[in-house]
Each structure stands twice: as structure tokens, then as C-alpha cells.
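Subject: Structure for you to look at

Hello,

Here is the structure I said I would pass on. Please open it first, then read my notes beside it.

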Amino acid sequence: MRVASKTELVQVGFTLNGKPVTGHAEPRMLLSDFLRQVIGATGTHVGCEHGVCGCCTLRIDGVAQRSCLVLAVQAEGLDVQTVEGISDREDAMSVLQEAFRKHHALQCGFCTPGILMSFVDFMERVPDPTEEQLRDTLSGHICRCTGYAGIMAAVIEAAETLRAARGSTDA
Amino acid sequence: MKPAAFDYYRAETLREALELRAEKRDALRIIAGGQSLGAMLNLRLVSPEGLLDISRLDELKQIEVRDGRVEVGAAVTQSQLLDWAGLREKLPFVAQALPWVGHFQTRNRGTVGGSICHGDPSSELPLALALLGGEVVLRTRRGSRRLSAGDFQLGMLTNACEDDEIVVAVSFPAGVGARGSAFREVARRHGDFAIVAIGLVVMDKGQIRLGVSGMADTPQVLELPGDIEDAAFVEQVEAFAWRLKGHTDIHASARYRRDLLRRIAPQLLSEVRQCA
């Protein structure tokens, strides 16, 4: 049994974008706050803090979820991926990020990291998505400035690019 | 928007979890996916002494078909059930309703059992449990018991789980709705809380079951003969809607809710009769 009493600062460690990280947190500390305030990984944004807006979405063991509804201590020992870890290369963006730039799928960028993380997971799980499925996945996010048309255009194109890339490797 | 301080316990075995539950009683809240409880903690609508985390218990991560029932362990996420290969055949109604539970991102962590324990009056999974005649499996250190949906959910956000018990699974009879099953939900946006959610299934002996959530404190079910005439069905639904009354809130008036039930139920009936 893992036990942490309420006032105790416990050591929490997990893998963040392939590298081990550790820090101290009270049991009540949210994973989103832990990443930003303790680890200093500020790519994950914090919006509503009750699971509605989707800004803080990241992947735990590959699965996209809200980091404001996960405690830091609950991520112990697991594999966490954030927006900082979605491109293979330090100096280049991923296919999805490129498509966002091309289609002006962001203005202020506050909601963007969460949206990217949802689609990284979704497109891995559903390699041949319909527009309706993409729209449904986006419905778990709130964007208050860009509007959703640019975001939809970006994710549709990214899905096609990834599909074509798979096609060429299959052949 | 930060939770009040609490002690945290993450059980590694079910036995361990049950021992702690028996010792700490109602000082503990049980957390599985935390997609409702997490928000309530952040908003300080609840501030428990301690949290007992059951999300890593392998014993509670199984979906099993046993004696004509599908038993879904309390740590199985909504996404895992949605991706389960047997879903469409064994639980056709759940296959229809589950995509309406929250969003992709919350289904990925939220559990099937957790949604049923939370017992929001408008939610889909408690409706499925009541409509299909499902049960909730509760365990203590000493033994276990099974409660029907009606005996488990006592009211809004209130259930019959005792302070030494843990819900370990929810259980649905397999194949209900194979002869016809329909689901419809009205919400401001897909993924929002339902204004009403309505389901209709054809039972083994042909009878029809109509269920609705969002009209009362708990999901309500009406059973009717399979050969009921359309006009008689409409009359029955009318009386059902008046019995439940519905309530007025920021999203919809009671009258609108009654009207949705009256208008949607006959559509669902003709849907399942066309399939048959």
C-alpha cells in the first residue's frame, strides 16, 4: 500500500517524455500543477481545473486524459507524455503541429497543447478516422479565440498525411 | 481550485483495500478514475479525510462473461469497455449509450463502476444498469452482496454502499436488447450533461422496456407488453411523463423534459420495430 499523509511532502517520480523526473508533492497536488510548478514543464496548460476545458490534456501510458483530474502521486512510476515530447526532433515539429501552423489552428495557443495531445493519442488508436470522429474528439476541448474550423482543417490534413506516410512504408 | 488536504492510500491488493476500508470507514472516499470525484475535490464540494485509490488493482480490471452476465470490474475504464470486442453482441444498448458518456478524454480515465457509483441523475450508465436489469457487486472483508440498480441507487448522487464496502464490479445481463435496442440523448452539446437520455429495449419474451434519466433523481423504467398498439404506447408514455414530472433548471424546463420523453419514446419504439 502506498500511503501519504495529508501534510507530508512525498517524493513522486515518473517518466516524462522518456526521461525520469522526480519532485516533492503533497498528496492533493494535481499532476498539472506538479508538472508546471515542481518540474518546470510548462507546456501543459491549466484552464478550468475541473475537467471541462481540456487544456491540461496529456498522455499517461499512452492514453490521453485530463491532468487536472489526476493527482501527481497517481502518476507515480507511469509513463507521462506532454506536448514537449510529441516531436521526434528538437528542431522540428511533428506532422500534427505543422498542420496546425499551416491552417492557423491557433491564435493565443492556450488550448493548443491539450488538443495536440488528444489527437496524438486518437490518431494512433484510430489510424483511419472519419471527419465525424475527429470532430467528436475535438468536442472534448474548448477554444475561445481561434474557432474550430482551422483546427478541424489541421487535424483532417494531419490524418491524411499520416495515412499517406503509412501507405508509402507499407509499400 | 485546489482540493483540501487529504491522506492518500493506493492499494496494491483488493484485500488490503478492504482492510483499510473497514478500519477507516466513512473517513475514506474511494477513487477509481476520478472524473467526477476529481472535479468535486477541486471545487471543494467534498473534502474527505482520505482517498483510497483502487485504480491500479489488477483484480478489478477484468471484463468477464459468466453465467449469462457481463461483469465489469470497478477499475475498467469507459474506453476499455467501448473497445471490448464483445460489446456490440453482448451489450448492444451499452454500445449505443457509452459514446455519449463525457468525452473521449474523460472516458479514457473514467470508470464504468465510478459513473454508476457517482449516480448523476442525468447520466447514461446508471440508465443502462436500470434498463437492462443490472446489478452492483459490493464486497467487504467478510463477503459480498449484489444489489439491483434500484436498490443500489437511492437518489441523486446517493447509493446504498455501506461504509465498510467497496463496489468491485457492475454486472449486466448479456444479450438484453439483442432483439431491439435504441438510445437517444438530448444535450446542449454532445458530451455535456444530458437534459434527458432515453433508452428502449425489447426483452427476451418480447416485452418492451422504456427507461429515462434526467427526469427524476434516479433513472426510471417502465415495462410494457410487446404487442402494445402505438396509440396505447403513446398514452402510457404520456402518463409516465406526468408521473415523473421532470424538473426545471438552467438548461430546460420540466415541461420541455416531459415533451422530449413524449416525442422521443415513440420514435425509439418504431426504430426497434423496424429492426425486428
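The contact between the two chains involves 29 residues of chain A and 29 residues of chain B. Please keep in mind that this is a predicted model. On the chain A side, β1 (2-4), β5 (63-66), α3 (112-125) and α4 (131-138) each supply at least two of the residues that touch chain B. The most comes from β5(A), with 4 residues. Sorted by class, the side of chain A that touches chain B has 10 nonpolar, 12 polar and 7 charged residues.

Strand pairing also crosses between the chains. β1(A) is joined by 3 bridges to β1 (residues 7-10) of chain B, and the two strands run antiparallel. To find the place, look for A:Arg2, whose bridge partner in β1(B) is B:Arg10.

One loop residue in chain A is worth a look. A:Arg89 lies in the loop between β6 (79-81) and α2 (95-102) of chain A. Is A:Arg89 buried or exposed? A:Arg89 counts as exposed, because it has 7 C-beta neighbours inside 10 Å, and a residue with 12 or fewer is classed that way. Between A:Arg89 and A:Leu116 the separation is 27 residues in sequence and 16 Å in space, C-alpha to C-alpha.

Now to chain B, starting with a sheet. Its 5 strands form an open sheet in the order β4-β5-β10-β6-β7, with antiparallel pairing. β4 (63-66) and β7 (144-148) of chain B are the edge strands, each pairing on one side only. From one strand to the next, the twist averages 25°. Within this part of chain B, β6 (residues 135-139) and β10 (residues 166-173) run antiparallel and are joined by 5 bridges. One pair to locate is B:Glu135 and its bridge partner in β10(B), B:Ser171.

Further along chain B there is a hairpin. β13(B) and β14(B) pair over 5 bridges in the antiparallel sense. B:Ile208 stands opposite B:Leu224 of β14(B). The hairpin has 6 residues between its strands, and B:Gly214 there takes a positive phi near 90°.

Helix α10 (residues 230-244) has 15 residues, which at 1.5 Å a residue should span 21 Å; the end C-alpha atoms are 21 Å apart, so the two agree. Which residues of α10(B) are buried? They are B:Val237, B:Phe240 and B:Ala241. The face turned away from the buried side carries the exposed residues B:Ala231, B:Ala232, B:Glu235, B:Ala239, B:Trp242 and B:Arg243. Among the elements that cover the buried residues of α10(B) are β14 (220-224) and α11 (254-275) of chain B. After α10(B) comes B:Lys245, with a positive phi near 65°.

The other helix, α11(B), has 22 residues and reaches 32 Å from its first C-alpha to its last, close to the 32 Å expected at 1.5 Å a residue. Its buried residues include B:Leu260, B:Leu261, B:Ile264, B:Leu268 and B:Leu269. B:Arg257 and B:Arg258 are also buried. The buried residues of α11(B) pack against β11 (181-186), β12 (196-202), β13 (208-213) and α10 of chain B.

Regards

Terms used. Residues numbered from 1 in each chain as written. Chains lettered and ligands numbered in written order. Predicted model: local features only at pLDDT ≥ 70, side-chain atom pairs only at ≥ 80, totals over all residues. Expected span 1.5 Å × (residues − 1). Buried ≥ 20, exposed ≤ 12 C-beta atoms within 10 Å, placed from the backbone. Contact = placed C-beta atoms within 7 Å. Pairing = 2+ DSSP bridges. Axes fitted to C-alpha atoms, helices over the stretch in contact; angles between N-to-C directions. Nonpolar A, V, L, I, M, F, W, Y, C, P; charged D, E, K, R; others polar.
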